[in-house]
Amino acid sequence: MIIIKTTEEIEKLRNSNQLVSKTLAEVAKYIKPGVTTEKLDRVAEEYIRDNKAIPGFLGYNGYPKTLCTSVNSQVVHGIPSAYILKEGDVVSVDCGVILQDFYGDTAYSFEVGEVDDSVRRLLRITKEALYLGVEKAIEGNRIGDIGSSVQYHSEKAGFSVVREMVGHGLGRHLHEEPEVPNYGTKGSGAKLKKGMVICIEPMINLGKRQIVQEADGWTIRTSDKMPSAHFELAVAIDSGKPDVLSTFSYIEEVLNLK
Ligand code: MF3
Ligand code: CO
Ligand code: CO
């Protein structure tokens, strides 16, 4: 069942997703060679609690941390640890919060110091693919219109799309219907209706699309050990144009991209 949100509920979801967006910007200030992913997790948890919200991932299906920090060949669900980020790494940071009973969920892939041109291009294309998907997230379109745009842009660049994990509806639960794949066919799938709120979150690999789960039971990495990128935004379906509830603008101010 797809839950349609009222205007009031969408404003709550906007608050939750703006808080996650600001939390990621706070984390961005600390991302440099020499910092541990555990430190990033502490920064995020403190910021979320200071803002009277609850970490959304902590305890979710037993997940042990506030952030997912996925480094290099790790695709998603990397667990913050004593790992020290080094020059040339890419770290995908995914964050969730609960504020006034509604979830926020947003992710951004960061360069650590100077990275290879191939990695820089992977990040650029993945973010572009996400934005192209977001443009399709309007009333009357279908789920397949989003996935088809994400897939076309990513594969045209020579990259591959992870299939096993998908975006999702967002609300009082972190993962609601519908599933939002990052591949698909135009005109197929559920019709998008005003009041639906979805997370679009392409996971794009530099090499082959196949993934494996690591022994910790959480971390997903590429089978070929090549780098992967992950960006995520929450979007409310409206008529005419997407109502994007999260934003990368706070992050990109910190990174000096804006
Ligand atoms: N970040 C995932 C998503 O965007 C969910 C992570 S759940 C956790 O949908 F338990 F691994 F944190
Ligand atoms: Co997420
Ligand atoms: Co998500």
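Trainee: How far is the polar side-chain atom of D105 from an oxygen atom of ligand 1?
Mentor: In this predicted model, that polar atom of D105 lies 3.0 Å from a ligand 1 oxygen. E201 also has a polar side-chain atom 3.0 Å from an oxygen atom of ligand 1.

Trainee: And what about H175, how far is an N or O atom in its side chain from an oxygen of ligand 1?
Mentor: That distance is 2.7 Å. Taken alone, ligand 1 exposes 340 Å², and the protein buries 97% of that.

Trainee: How many residues of strand β2 are buried?
Mentor: Five of the five, so β2, which covers residues 67-71, is largely enclosed by the rest of the structure.

Trainee: What does T69 stand opposite in β4?
Mentor: T69 stands opposite V93. β2 and β4 (residues 90-99) run antiparallel, with five bridges joining them.

Trainee: Let's switch to T37. Where does T37 lie?
Mentor: T37 is in helix α2, which takes in residues 37-50.

Trainee: Buried or exposed, that T37?
Mentor: Buried, because its relative accessibility is 2% and the cut-off for buried is under 20%.

Trainee: What is T37 in contact with, leaving aside neighbours within four places in sequence?
Mentor: Its contacts are T69, V71, P80, S81, Y83 and L85.

Trainee: New topic, the open sheet. What order do its five strands come in?
Mentor: The order is β8-β7-β9-β14-β15, and the pairing is antiparallel.

Trainee: Which strands stand at the edges?
Mentor: β8 (176-180) and β15 (243-244) do. Each has a single partner strand, so one side of each is left without a neighbour in the sheet.

Trainee: What do strands of a sheet pair through, anyway?
Mentor: Backbone hydrogen bonds, and the pairing can be parallel or antiparallel.

Trainee: How many bridges join β9 to β14?
Mentor: Four, between β9 (residues 197-200) and β14 (residues 233-236), which run antiparallel. Across that pair, C199 stands opposite A234, and I198 stands opposite V235.

Trainee: And β14 with β15, how many bridges there?
Mentor: Two, again in the antiparallel sense. V235 stands opposite V244 in β15. Their hairpin has six residues between the strands, and G240 takes a positive phi near 90° there.

Trainee: Which residues cover the faces of β14?
Mentor: L233 and V235 are on one side, A234 and A236 are on the other, and all are buried.

Trainee: Last one: where's S223?
Mentor: S223 lies in the loop between β12 (220-222) and β13 (228-230). S223 is partly exposed, with a relative accessible area of 35%.

Trainee: What does S223 touch, not counting residues up to four places away in sequence?
Mentor: S223 touches Q210, I211 and V212. Then there's K208, which is 15 residues from S223 in sequence and 7.7 Å away in space, C-alpha to C-alpha.

Methods: Residues are numbered from 1 along each chain as its sequence is written. Chains are lettered from A and ligands numbered from 1 in the order in which they are written. This is a predicted model: local features need pLDDT of at least 70, side-chain atom pairs count only at pLDDT 80 or more; totals for chains, interfaces and linings use all residues. Side-chain values use heavy atoms; hydrogens and water are left out. Buried means under 20% relative accessible area, exposed over 50%, partly exposed in between (1.4 Å probe, protein chains only). Contact means heavy atoms within 4.5 Å. A polar contact is a pair of N or O atoms within 3.5 Å; within protein, one must be able to donate a hydrogen and the other to accept it, and residues adjacent in sequence count only if both atoms are side-chain atoms. Accessible areas come from the Shrake-Rupley method with a 1.4 Å probe; for residues, only the protein chains shown count as cover. Two strands pair if DSSP finds at least two bridges between them.
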